[in-house]
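Keep the viewer open as you read.

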Amino acid sequence: MIRFAIIGSGWRSLFYVRIAKAMPKHFEMCALLCRTKEKADKFAEEYQIYTTCNEADVISKKPDFIVSAVSKINMYDTCIHWLSYRFPVLSETPIALDKKSLETVWHMCQNGSKLQVAEQYFLYPLNRKIINLVDSGMIGTPVSITISAMHDYHAASIIRRLLQVGLEGVTISGKKFIVPVTNTKTRYETLTDGQVVDKEEKHLIIEYESGKIAFYDFMSDQYRSEIRNRYLNVRGTRGEIINDKLYYLNENNIACLQNIDYKNPYETFNLTADESAITDILFGMMNYINTGKEIYPMKEALEDAYLSILMNQIEHDKITTLYSDKDRIWK
């Protein structure tokens, strides 16, 4: 039985609650810490879980680890705070929003703090299968990727894995635009009033030292919009993958096409792809505590968060070009 406590009562924290509810033989969500009594009471009643506003209550439950699921701006401080109690901490993404804080995290981990980052996209069942296909050499050496499926640090993680570029230095150029789009859905409801609103659309070219290239296109409404799709295309010297289709040359250099078959390993528990990935992270966190084997190596987590910082320095009014620092201490 893996026992964890959650800090934060936002949208992301509920993923962990649902997983614990779906798999009670494997997980116990022993406490959820809220900022206000009103929210704690609401969550306790709605989800039938133990909630509190008191840190001492969380500590008294003696969880195996803490899940930090607070807002981005509070993530770093929350992780540092709970590490000071000597709890292992699983941090939602991103772990920090500036390079100095990323460096502090690296030093703390090098000095024994048990901290992991819950990056889930490379563990999605389809994404995992695509990564395995690329790693197997089915499309030869990967050379470029066009991605319009996820944002910032999530995209940086997938790009890095699919292009097999490790922690290479990068040049990022691009521009942000404001475009009109009809609202169709929020995190909590479907919208049918047809309201047209302005959203941000970002287009980037990410060039790695090895010459490999990523073309990034993401709209701020894309995750939830019902009229904006997702797209992933990774090209190699002997083929390419487009979403769930594999195009490749066989051993006789004959062109082949096949569908990419994949399976959600937790579908019997009615978990979504997102929840499936987080379930793997929870199991992985316990294994990390016991063996030291990382789920998502910290140097990769810091690199992806750092690249996200650069990606967010792209401006609206002109094409911007940025270069990664060569003195990244986690390299």
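Predicted model: local features only at pLDDT ≥ 70, side-chain atom pairs only at ≥ 80, totals over all residues.

Lysine 62 counts as exposed, because its relative accessibility is 63%, and exposed here means over 50%. You'll find lysine 62 in the loop between α3 (55–60) and β4 (65–68). Its backbone is worth a look too: phi of lysine 62 is near 50°, a positive value in a residue other than glycine. Most residues other than glycine have a negative phi.

Arginine 86 isn't a glycine, yet has a positive phi of about 70°. Arginine 86 sits in the loop between α4 (72–84) and β5. Is arginine 86 buried or exposed? At 78% relative accessibility, arginine 86 counts as exposed.

Arginine 86 follows α4, so step back into that helix for a moment. Which residues of α4 are buried? They are Met75, Tyr76, Thr78, Cys79, Trp82 and Leu83. As background, an α-helix has 3.6 residues a turn, so residues three or four places apart point the same way. You can check the listed side chains against that in the viewer.

Threonine 93 and proline 94 are joined by a cis peptide bond, with omega at about -10°. Most peptide bonds, by contrast, are trans. Proline 94 has its place in the loop between β5 (89–91) and α5 (99–110).

Next, the cysteines. How many disulfides does the count come to? The count is 0. Take cysteine 53: the closest cysteine sulfur belongs to cysteine 34 and lies 6.0 Å away, which is too far for a bond, since a disulfide calls for sulfur atoms within 2.5 Å. Cysteine 53 is partly exposed, with a relative accessible area of 39%. Cysteine 109 has its closest cysteine sulfur in cysteine 79, at 9.7 Å, so that pair is too far for a bond as well. Cysteine 109 is buried, because its relative accessible area is 18%, under the 20% cut-off.

Tyrosine 231 is partly exposed, at a relative accessible area of 33%. Leaving aside neighbours within four places in sequence, tyrosine 231 is in contact with Thr146, Ile147, Ser148, Ala149, Ile242 and Asn243. For a sense of scale, tyrosine 231 and leucine 246 are 15 residues apart in sequence and 14 Å apart in space, C-alpha to C-alpha.

Finally, zoom out. The protein has 9 helices and 15 strands. Its radius of gyration is 21 Å, close to the 20 Å that the globule rule gives for 331 residues, so the protein is as compact as a globular protein of that length. Along the principal axes, the C-alpha atoms fill a box of roughly 60 × 50 × 45 Å. Of the 331 residues, 51% count as buried. Among contacts between residues at least 6 apart in sequence, 67% join residues at least 24 apart.

As for the surface, the protein exposes about 15900 Å², and carbon and sulfur atoms supply 49% of it. The protein carries 40 positive and 42 negative charges, and the mean positions of the two sets are 3 Å apart.

Definitions and conventions
Residues numbered from 1 in each chain as written. Heavy atoms only, no water. Helix = DSSP H or I, 4+ residues; strand = E, 2+ residues; numbered from the N terminus. Rg over C-alpha atoms; globule rule 2.2 N^0.38 Å. Buried < 20%, exposed > 50% of the residue type's maximum accessible area, 1.4 Å probe, protein only. Contact = heavy atoms within 4.5 Å. Areas by Shrake-Rupley, 256 points an atom, 1.4 Å probe, with all protein chains shown as cover. Lys, Arg positive; Asp, Glu negative; His and termini not counted. Charge placed at Lys NZ, Arg CZ, Asp CG, Glu CD.
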